[in-house]
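Subject: Structure for you to look at

Hello,

Here is the structure I said I would pass on. Please open it first, then read the notes below it.

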Amino acid sequence: MYALAPDISAVDTDYGIALLHHARGQYWNLNPSGAIVLRSALESDDLGRAVEALMSEYDVARPTAEKDVGDVVGGLLAAGILVEAGP
């Protein structure tokens, strides 16, 4: 499971989620599919739920959804937005 990094806050918007790093003054916007992935990563240690949600919501093939989930989570980790949560 993942958690938002310290100093990161998230707010739902009409078009996804806005993220703000308070200390650095940086912000990011996630589109609706990115928001699905983020919520899934925060709520469960099973990213397969995010894959299933993308497949259902956007009618995409499993390989596409799996790649998208991996790309979004990897990008959020690299940007310091997500951190791995302990057990």
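Ala5 is buried, with a relative accessible area of 8% (buried means under 20% relative accessible area, exposed over 50%, partly exposed in between, with a 1.4 Å probe and protein chains only). Before going on, note that this is a predicted model, in which local features need pLDDT of at least 70, side-chain atom pairs count only at pLDDT 80 or more, and totals for chains, interfaces and linings use all residues. Residues are numbered from 1 along each chain as its sequence is written, and side-chain values use heavy atoms, with hydrogens and water left out.

Ala5 sits in the loop between strand 1 (2-4) and strand 2. Helices (H or I, at least four residues) and strands (E, at least two) are DSSP runs, numbered from the N terminus. Leaving aside neighbours within four places in sequence, Ala5 is in contact with Gly80, Ile81, Leu82 and Val83 (contact means heavy atoms within 4.5 Å). The C-alpha atoms of Ala5 and Ala79 are separated by 10 Å, while the two residues are 74 residues apart along the chain.

Three strands form an open sheet in the order 2-3-4, with antiparallel pairing; two strands pair if DSSP finds at least two bridges between them. Strand 2 (8-13) and strand 4 (26-30) are the edge strands, each pairing on one side only. On average, neighbouring strands of this sheet are turned by 20 degrees against each other, direction ignored. Axes are lines fitted to C-alpha atoms, for helices over the stretch in contact, and angles run from 0 to 180 degrees between N-to-C directions. Strand 2 is joined to strand 3 (residues 16-21) by six bridges, and Asp12 stands opposite Ile17 in strand 3. Helix 1 packs on the sheet, where it touches strand 2, strand 3 and strand 4, and its direction makes about 65 degrees with that of strand 3.

Ser40 lies in helix 1 (residues 32-43). Is Ser40 buried or exposed? Ser40 is buried, because its relative accessible area is 11%. Not counting residues up to four places away in sequence, Ser40 touches Arg49 and Ala50.

Last, a helix pair. Helix 2 (residues 48-58) and helix 3 (residues 62-78) pack at an angle of about 125 degrees, and their axes are 9 Å apart. In this contact, Ala50, Val51, Glu52, Leu54 and Met55 of helix 2 meet Arg62, Ala65, Glu66, Asp68 and Val69 of helix 3.

Regards
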